[in-house]
Amino acid sequence: MSRTYELFIGPNHPGIPGNFSVKLELEGDTVVSAKGDPGYLHRAFEKSMENRYYIQNLALIPRICVPEPDINEAAYAMAVEDLMGVEIPERAKYLRTIVLEMARIAAYLFWMGGFAATLGLYTLSQWTVGDRDYALDLFAELCGVRVYHMYIWPGGVRRDAPPGWEDEVLAYVRYLRDKLIDYDNIFFKNVMFKQRTRGVAVITKEQAIEWCATGPILKATGVAQDVRKDDPYAAYEYIDFEIPTLTDGDSWARAMIRRWEFENSLNIIEQAIKKMPKKGPVWTKMPNPLKWRVPKGEAYAKVESARGEHGFYMVSDGTERPYRVAVRGSSHTHMFTIAERLLVGQRLADVSHILVSLDICPPEFDR
Amino acid sequence: MNIKEYENGSFLKPLASIKYLFKKPHTLRYPYEEKPVPDRFRGLHINDVDKCIGCGNCRDICPCAAITMVDPSDIHPIDKNKVGANPVRPKIDYGRCSFCALCVEMCPTGSLKMSKDLIYVSPDADSFNWVPLVEQGREEGYTQSDEITPLMLEAEKMEELEPDVRKKTFEEIVKGFTREQALKEAMRCLGCGICMQGCPAHMKIPEYIQAIFDEDNKRSVKYMLEDNVLPGICGRICTHRCQDACVYNYRGEPVLIMWLKRYATDQLESYKDVEIEKMPPTGKKVAIIGGGPSGLSCAYHLTTMGHSVTIFEKGQRAGGALANGIPMYRLPIYELDKEIKHIEDMGVEIRLNTEVGKDVSFEELLENYDAVYIGVGLSFGRYIKLKGEEHPDVIQAIKFLRQVKVEGRREIARRVIVIGGGNVAMDVARTVVRLQQMAYGGEGTMVQTVSLEDWDIMPASKEEIDGALEEGVIFNPGWGPNQVLLDENGKIRGLEVKKVKYVFDENHRFNPAFYEDQKKVLEGDYIVEAVGQMYDLSFIPKELLDKLEFTPRRKIKVDEYGETTIPGVFAGGDLVETSRGDAISAIANGHRAAIGIDRYLRSKK
């Protein structure tokens, strides 16, 4: 007769990616069942948005995702632009692309640190989190703040890049290229990493599709799906890049896809800066924020975040405030459809790194 | 990336990290080492409290409700009586602020900015809430940009008739907004209400502009009629002090409030569908002397308060200066008829061609009515006591304008001189241009004005001066009339003028002085004097007139409710001190007198 016990991980557990918890039922150190337990972060963002002017939501939406706030701004702005039928200036498209890719880089640097830490390799955490800070400094130069940028807004972006900013970004890209060699040496080519992750928590292509996986999880099973290619937004249609895929579907493959995407982002930034018009408007004039009425209708705008497809569904009833805004966070399916199944049968020691390999970001399902 | 390189892990590669032992760390040793702060940094706020007008747009846009408007007097004294400003300033709760800088973007004066400083430490949670000031010594960070601003700084362009077209006709010059233009212009309004301080009648401007934006013109006109009985007229000829007070003036063009008002009233063929609350009849009777804007305003508001009102108008039309003075190209007569019809529909009785003192005596009014309101205005032209003034070809502006507008005068001399630099002089000059075009096709004609004031202090509004210049009026600013010159046949051949030394003396009083040696002659056959008007109170019997007190500037002395020193007799319009000589202030003090009369009647048994 077997005996099972319940273990409660989170919300302040070092091995959990954010403020939420997982209830595990264990037999020995093997997981019998897992249940996500959100609610620690709930701030009624979606409901609050219905009571605010369109522009006021700008202060709210970046807070849906801390490591990568710009995806929310971009998707929100795109949804509003879609409803209003506004085309944004060329230079604004490129600036959005650069900002979104910088945010992706910052998010991956943060993720690398977190993932290595769950495997006990803390050195990489020190490096990547330190290097991420330089990205935040560049953001501060561009828009005045480090984390919640509130830079992309309906109609374009809030300010043009300050003189010399593009060169600083290029220098940062070169710096990261050099650092990537060190990251590889200490982590991605490290035998410890390989031993802990290869063959762990495998998702097949069929399962990934059935479970609505997006982003790196789906790419790690061999499906080349990416919003930037399939439904290009910002300036991605002018940019040449490949979608990386692997077929293993395990924890290792997911990590390697992210490492690959990181390198891709560096290339995209370089290309975008090269192709960006040197001068020109960065904003299409929008109405007075206090009397900003968006035509009746509904729109869904999506972007490719570091974790997968991130979208805003917006319904307007023709007034100054949105009738309904719903956020599609990719972590929702990754936690409740995938992780709850995937953790079954795994060892307790692997739970943390499996959750981080799925890059579950609690604010995306717990807003 | 070649994935093959990564498939087999290595034991030795991680050892490469040893080189980091000899590298400089990322971290800075604060406070010995400081990080440079970018120029656009969004830190704690700075507010130039003297420049700030307390309009509250920062509070309205704040997504976090972090801003409250408070009186900052205890930490920084402000001018509380400043017109066009509220005596409050933003106080920011840093427990709520999200540093989004929308308040900075929305600041119409540009006084609110963010600083490069984000460090504030205190064990007291309540202290994180203060009025930002310049004196706090923070360095300027994120500021407004004129290219990228959510404020709509540019006004819609109003279509006007071209000078060559308009000077041939008395057709209205301004075409009025289209629906799209009106909605766009109404959208610009921030709803702060600073404009209401500029308006003498304190009209509910943000409310009626919001109603126009909501495409509910009836509601809009309802708001207008609450304080102004002649909105369609004020939408055309108002001196629009509201626009001068508009917060957009600091960084852009003001909201065109006047044209919006005109748009809303033009959309309604009549005001009979506008729901106006009327109080039950009181049985009290009020006589109003003079059917000008102040009399109409007073009568209308008294009617809504339940009193029965009779207006005694000596002319053949009600409307005073609006009917007799303002030329057709600025105010078409049908617009006036529409608004007067509405006043009559409300129950006001207007007795035309009835002059008090001739057809009916002032004592009779005092006897038969419970209260009397005097709103006769300044209906006589002022003379300048010029040598040769008594010549038949020298005419008063007010008489000339009445002849043209009411009596249909069309004959005019070829060369006309207009004396005066005010709006009435512009009206005369531009009317003369039209008459000359009609009579002679503009051939060999000339209109020139001569005014004591130079360009910088000319009392006429800029629009009027520009309009007159475009229509070919010649200006002689800074010259004073000396005498009328006659030829051998006794006809006028010109006006001799002398150079003005100054118009206002050191006490800022009107006291012009001239260089007697600098003279020139302006050629002309006809002279119109537009140097101001005066009132005639001769209809009031001597014993009552003696009881009536006057102010030092020879205006009737009234209390705050418009009551004169004779009980039950009220006065308003241009007869009292609060008038600025425009329609809207007459309407405003007519309304104020109506409130006073109502108060007087209700306190009397």
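Which residues touch the most other members of the largest nonpolar core? In this predicted model, they are B:Cys103 and B:Tyr373, in a core of 236 residues. The element that gives the most to this core is helix 3 of chain A, residues 90-118, with 19 residues. On the chain B side, domain 1 (170-267) and domain 2 (285-379 + 538-602) both give residues to the core, so the core lies between these two domains. As general background, nonpolar side chains in soluble globular proteins tend to be buried together.

Let me stay with B:Tyr373. If we leave aside neighbours within four places in sequence, B:Tyr373 is in contact with B:Val286, B:Ile288, B:Ile289, B:Gly295 and B:Cys298, and also with B:Phe570, B:Gly572, B:Ala593 and B:Ile597. There is also a second, separate core of 37 residues, which includes B:Val424, B:Ala425, B:Val432 and B:Val484.

Next, the division of chain B. There is a domain 1 (170-267), a domain 2 (285-379 + 538-602) and a domain 3 (384-533). Taken over C-alpha atoms, the centres of domain 2 and domain 3 of chain B are separated by 31 Å. Their contact takes 8 residues from domain 2 of chain B and 9 residues from domain 3 of chain B. On the domain 2 side, those residues divide into 4 nonpolar, 3 polar and 1 charged.

Now some strands of chain B. Strand 12, residues 415-419, is mostly covered, with 4 of its 5 residues buried.

The next sheet is antiparallel: 3 strands of chain B form an open sheet in the order 15-16-17. Strand 15 (479-486) and strand 17 (510-523) of chain B each have a single partner strand and stand at the edges, so one side of each is left without a neighbour in the sheet. On average, and ignoring direction, neighbouring strands of this sheet are turned by 25° against each other. Strand 16, residues 492-504, is joined to strand 17 of chain B by 9 bridges, and B:Tyr502 stands opposite B:Ala513 of strand 17.

Another open sheet of 3 strands in chain B has the order 2-3-5, again with antiparallel pairing. Its edge strands are strand 2 (67-70) and strand 5 (129-130) of chain B, each of which pairs on one side only. Strand 3, residues 89-93, pairs with strand 5 of chain B over 2 bridges. B:Ile92 has B:Trp130 in strand 5 as its bridge partner.

On to chain A and its helices. Where do helix 2 and helix 3 of chain A meet, and at what angle do their axes cross? The axes of helix 2 (residues 70-84) and helix 3 come within 9 Å and cross at roughly 145°. Helix 2 of chain A brings A:Asp70, A:Ile71 and A:Ala74 to the contact, while helix 3 of chain A brings A:Arg96, A:Val99, A:Leu100 and A:Ala103. By class, the residues of this contact divide into 5 nonpolar, no polar and 2 charged.

One residue of chain A is worth a stop. A:Glu261 sits in helix 10 of chain A. Is A:Glu261 buried or exposed? With 24 other C-beta atoms within 10 Å, A:Glu261 is buried, because the cut-off for that class is 20 or more. Beyond its neighbours within four places in sequence, A:Glu261 is in contact with A:Tyr108, A:Pro216 and A:Pro244.

Helix 5 of chain A has these buried residues: A:Val169, A:Leu176, A:Tyr183, A:Ile186, A:Phe187 and A:Phe188. Their cover includes helix 3, helix 4, helix 6 and helix 10 of chain A, together with helix 1 (4-7) of chain B.

That brings me to the contact between the chains. How many residues does the contact take from chain A and from chain B? The contact takes 39 residues from chain A and 37 from chain B. On the chain A side, the elements giving two or more residues are helix 4 (122-143), helix 5 (165-188), helix 6 (191-197) and helix 10 (251-275). Helix 4 of chain A supplies the largest share of that side, 6 residues. The chain A side divides into 21 nonpolar, 8 polar and 10 charged residues.

Conventions: Residues numbered from 1 in each chain as written. Chains lettered and ligands numbered in written order. Predicted model: local features only at pLDDT ≥ 70, side-chain atom pairs only at ≥ 80, totals over all residues. Pairing = 2+ DSSP bridges. Axes fitted to C-alpha atoms, helices over the stretch in contact; angles between N-to-C directions. Domains from an automatic or database assignment. Contact = placed C-beta atoms within 7 Å. Nonpolar A, V, L, I, M, F, W, Y, C, P; charged D, E, K, R; others polar. Core = buried A, V, L, I, M, F, W, Y, C linked by C-beta atoms within 7 Å. Buried ≥ 20, exposed ≤ 12 C-beta atoms within 10 Å, placed from the backbone.
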